[in-house]
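Thanks for coming. I have one structure to go through today, so please look at the screen.

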Amino acid sequence: MRDEEAAVELWYPALKRSFEYVVASTSFLPVIAYYLHKIEEWGFVFQRCKVCGKDFLARSRHNELCSDKCRKKQAVEAKREFDERAKGDRLEQLYEAAYYYWYNRLRKLRREKAANPEKTAAMGEAFKAFRKEAVKRKWQVKRGEMKLTDFSSWLIAEQNEVDRLMDA
Ligand SMILES: [Zn+2]
């Protein structure tokens, strides 16, 4: 590039100090070179937005989102993931509590096995059936086909069934 081709003309409108006007006469290259230099001088870095994938200029490498819109979108997504995890934890807690409810009662019966082997066998079968059905329903909740509250109600109904079998 010859010197006159590499030149850019700059001027600043008097009432808008934050604006800079730039003119290049023969090629865009001087404008690009000039602003690449300015961007470095201002301490900006080129980043790709983690949410929308758009390239943007950031104040620092830590700034990974291009706009308030994308920041909001990420916050919503983070909240959704958190809720999902919390729901998953609650689901496992409910299942485990019900499992041990059955397990402890069956263990009690087994300890007195000699006293009532038929009842113990019946409870063992019922426990097996419960586990199979509970695991199936747990997956339905995970897939969003069943509400957590409905799963919880079902577990309670099943616990009543254990109590009924124990008292029989
Ligand atoms: Zn973005």
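How many helices and strands does the protein have? There are five helices and four strands, taken as DSSP runs numbered from the N terminus, with helices being H or I of at least four residues and strands E of at least two. Before going on: this is a predicted model, where local features need pLDDT of at least 70, side-chain atom pairs count only at pLDDT 80 or more, and totals for chains, interfaces and linings use all residues. Residues are numbered from 1 along each chain as its sequence is written, and side-chain values use heavy atoms, with hydrogens and water left out.

From the N terminus, the order of elements is α-β-β-α-β-β-α-α-α. The radius of gyration is 34 Å, well over the 15 Å that the globule rule gives for 168 residues, so the protein is more spread out than a compact globule. That radius is taken over C-alpha atoms, and the rule is 2.2 Å times the number of residues to the power 0.38.

Now the rings. The whole structure holds 12 aromatic pairs, meaning Phe, Tyr or Trp rings (six-membered ring for Trp) with centres within 6.5 Å; planes under 30 degrees apart are stacked, over 60 edge-to-face, the rest tilted. Trp-11 and Tyr-21 are stacked, at 5.4 Å centre to centre and 10 degrees between the planes. Trp-11 is in strand 1 and Tyr-21 in strand 2, so this pair ties together parts 10 residues apart in sequence.

A second stacked pair is Phe-151 with Trp-154, at 6.3 Å and 25 degrees. Both lie in helix 5, three residues apart.
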